[in-house]
Amino acid sequence: MKNIYKLFVLLCIVTVSCNNDDENVTSDSGVLKISGTVFSPNGNFPISRAHVKIFKDDVLIASQTTSAIGTFEITGLPEAMLEVQLSKGKFMKEFSVDLREDYDLQLTEGELDIFPSIAVVTGSYDNIEQVLVGIGVVNPLTNEPAFDIINGSSSGNRAAHFHGPRDGQVAGRSTSLPSNVDFNFNDLLHDSDLLDNYDIIFLNCGATDAFDDDTIATTNLKNYISNGGIVYATDWMYSYIQSMFDAEDYLTFATPERAGSGDPINAQVFNADLEAWLANQGIVVSPSVLVDNFLGGWQMVDTFDSDNVTNWLLAEDFTYSGNVASGKSLAFTFQYNQGGVFYSSFHTHGGGSDEDDAVLQMMNYFVFELSGL
């Protein structure tokens, strides 16, 4: 597994404060400060709880975790040539500052421009690749995706099921980016060396589920996660999570399967940072947010082990298998050995209309959040 982080010797540091249990340190060897905001690669939005590290002569002299809306201020810095490292999970930025007076980062200096190695497996009803392009995970010279797009149909064999849309809704993705590699999902799952080329793998809803009972494929994917890989699966890709992990330890999926109504759902946000970040993006959470990216036939999580799994959103009233339900969660993260999994019942399906703003903003947030699992 790729590791884009450097190891540094920590010398002469003194703990000065904590912010929401995140450790901030400074050498307190000067009177100057560096402040600013950490941003997405294209500068469109701030990054919550990013890490800022300051080095002098390759020695860490100060660090801080940004606020929920990406801001920071590090004081007590010396007059010197300093190296600044910004990071959120596997997204990074590195640059130098010749600090002679208090310094506020320019917008472009705060933009994370070193990316993890990412693969997106295409599906019929989801469009995470467009989310990545939308946040700036692109080649700055060509504006082409700076990640691999893998055909998820396994040589044309689509998943043998159909999402039933609600009235007036088109079942499918509004746009599609073409594959840019010469192998498909089948090849990926059956080649552990190929899997290990990636830090993060996104599984779009509607990719084939033909390998969820393939022992070689699921063992390879589980080992990939165990060794530090991160998998983001949406909706119908639950079958891979179900095959890899013991339900009593992680997630149990409701029966009958794939029986959710396509109607919008009001959901309570279970994370204070996400709530503050959404508010900063103009999304009002009071006390719930409207999630409007369900196609008919979505998969509900019935229960989860709160000791191992983090819950992000709790649905209010909705219809599943013809019955009114409530109090079910819609998005989860959990760690497994060195890696992790993110699962959501909703996704960015497009559907021939503008993306629901609240869902799109949450997806933007989750891309960076999951990279640090």
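**Buried residues and nonpolar cores**

Leu313 comes out as buried (under 20% relative accessible area, with exposed over 50% and partly exposed in between; 1.4 Å probe, protein chains only), because its relative accessibility is 0%. The model is a predicted one, so local features need pLDDT of at least 70 and side-chain atom pairs count only at pLDDT 80 or more, while totals for chains, interfaces and linings use all residues. Numbering runs from 1 along each chain as its sequence is written, and side-chain values use heavy atoms, with hydrogens and water left out.

Leu313 sits in strand β18, residues 309–315 (strands, E, at least two residues, and helices, H or I, at least four, are DSSP runs numbered from the N terminus). Its C-alpha atom is 5.9 Å from that of Ala267, 46 residues away along the chain. Beyond four places in sequence, Leu313 is in contact (heavy atoms within 4.5 Å) with residues including Ala267, Val269, Leu330, Phe346 and Met362.

Ser345 lies in the loop between β22 (339–344) and α7, and is buried too, at 1% relative accessibility. Its side chain reaches the backbone oxygen of Gln299 at 2.8 Å. Among the residues that Ser345 contacts beyond four places in sequence are Asp235, Phe294, Trp298 and Leu330.

As for nonpolar cores (buried Ala, Val, Leu, Ile, Met, Phe, Trp, Tyr and Cys joined through side-chain atoms within 4.5 Å), the largest has 72 residues, with Ile54, Phe202 and Phe346 making the most contacts inside it. Helix α7 (residues 357–370) supplies the largest share of this core, nine residues. Another core, apart from this one, has 36 residues, including Ala119, Phe211, Val231 and Met244.

Note on methods
A polar contact is a pair of N or O atoms within 3.5 Å; within protein, one must be able to donate a hydrogen and the other to accept it, and residues adjacent in sequence count only if both atoms are side-chain atoms.
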